[in-house]
Amino acid sequence: MIRDITIGQYYPADSIIHRLDPRVKFTGTLALIVSLFLFDSFYGFLLCGGFVAAVIIMAKLPLKYVLKGMRPILFLLLFMMIFNLLLTPGEVLGSWWIFTVTKEGIRSALFMGLRLIFLVLGSSIMTYTTTPNKLTDAMERIFAPLKLIKVPVHEFSMMISIALRFIPILLEETDKIMKAQQARGADFENGNVFKRIKALIPLLVPLFVSAFRRAGDLAEAMEARCYHGGKGRTKLKPLKYAFRDAIAYIVLVGLIVGAVFIP
């Protein structure tokens, strides 16, 4: 399961999506999220699904790699769909005990599942095709106007970048701890759900110790290099828009227009 978590990991490839300006990809992810909650019909989700599929193909991402990242959210996906299926009032199609299946419940469960799937896929594509450094630069440039109201944009962007960098590191550390404890007789695969959760508790202490140690080392390294935030800092590779970025923005506008006008 630990190896199936791919969120926050960068997948190197030579594709037009990788070469897009990170501001375009960040804005595109926000546009996709907004459109997902504007769509309320089958045709709208068909448009969104076609958009996500086209981006995956253009980014040259292996389908197996993309779908592997969906495994950790399967439980949450099923729970939300069942919750909407059984607890949405409307035209009754069948009932059992205190649960009732309605026509509106089926529709709500289906649309909720599609929203969650496209939401995770869209967010993952951004991290697959954008390095943490470029993503940090994009967030800092996009939210730069907030500096006028004293919002620490650079520090906020840096925290997001560090968090993304720590995800694969902590996953690797968790995998090492699990293998070490399995070599000492720990069992993480057998038993019911509650036994498996209980078996994972001993992982928390060494994992938190490792995370705090790494955070302390990072803080000392930044202080040793005289890091004092973004004031007066320059960029080695400043972001510049290209013609392909303008085309991408036009496509995003089309997506939002479709979300508004598709019935």
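Predicted model: local features only at pLDDT ≥ 70, side-chain atom pairs only at ≥ 80, totals over all residues.
Colleague: Why does Tyr10 count as partly exposed?

Modeller: Its relative accessibility is 35%. Buried would need a value under 20% and exposed one over 50%, so Tyr10, at 35%, counts as partly exposed.

Colleague: Which residues is Tyr10 in contact with, leaving aside its neighbours within four places in sequence?

Modeller: Tyr10 is in contact with His18, Thr127, Tyr128, Thr129, Thr130 and Thr131. The cut-off there is heavy atoms within 4.5 Å. Tyr10 and Leu164 are also worth a look: they are 154 residues apart in sequence, while their C-alpha atoms are 9.8 Å apart in space.

Colleague: Now the helices. What makes α3 and α6 roughly parallel to each other?

Modeller: The axes of α3 (residues 42–58) and α6 (residues 103–129) cross at roughly 25° and come within 11 Å. Angles under 35 degrees count as roughly parallel, so with a crossing of roughly 25° the pair is therefore called roughly parallel. The crossing in which α3 passes α6 is left-handed.

Colleague: Which residues in α3 and α6 meet?

Modeller: From α3 there are Phe42, Phe45, Cys48, Gly49, Val52, Val55 and Ile56, and they meet Phe111, Leu114, Arg115, Phe118, Leu121 and Ile125 of α6. By kind, the residues of this contact are 11 nonpolar, one polar and one charged.

Colleague: Which residues touch the most other members of the largest nonpolar core?

Modeller: That core has 30 residues, and Leu32, Phe51, Val52, Leu61 and Phe118 touch the most other members. At least two residues each come from α2 (22–38), α3, α4 (63–68), α6 and α10 (243–261), and α6 gives the most, with seven residues.

Colleague: What does Leu32 touch, not counting residues up to four places away in sequence?

Modeller: Leu32 touches Cys48, Phe51, Val52, Phe118, Gly122 and Leu255.

Colleague: Met139 brings us to α7. Which residues of helix α7 (residues 132–142) are buried?

Modeller: Pro132, Leu135, Thr136, Asp137, Ala138, Met139 and Glu140 are buried. Their cover includes α2, α6 and α8 (153–183).

Colleague: What is the phi of Lys60, and where is this residue found?

Modeller: Phi of Lys60 is near 60°, a positive value in a residue other than glycine. Lys60 is found in the loop between α3 and α4. Most residues other than glycine have a negative phi. Lys150, in the loop between α7 and α8, has a positive phi too, near 65°.

Colleague: Why is Lys60 called exposed, and why Lys150?

Modeller: The cut-off for exposed is over 50%. Lys60 has a relative accessible area of 53%, so Lys60 is exposed. Lys150 has 74%, so Lys150 is exposed as well.

Colleague: And how many helices and strands does the protein have?

Modeller: There are 10 helices and two strands, running α-α-α-α-α-β-β-α-α-α-α-α from the N terminus. Of the 263 residues, 34% count as buried.

Conventions:
Residues numbered from 1 in each chain as written. Heavy atoms only, no water. Axes fitted to C-alpha atoms, helices over the stretch in contact; angles between N-to-C directions. Helix = DSSP H or I, 4+ residues; strand = E, 2+ residues; numbered from the N terminus. Parallel < 35°, antiparallel > 145°, perpendicular 65-115°, else oblique. Left-handed = near helix turned anticlockwise from the far one by under 90°. Nonpolar A, V, L, I, M, F, W, Y, C, P; charged D, E, K, R; others polar. Core = buried A, V, L, I, M, F, W, Y, C linked by side-chain atoms within 4.5 Å. Buried < 20%, exposed > 50% of the residue type's maximum accessible area, 1.4 Å probe, protein only.
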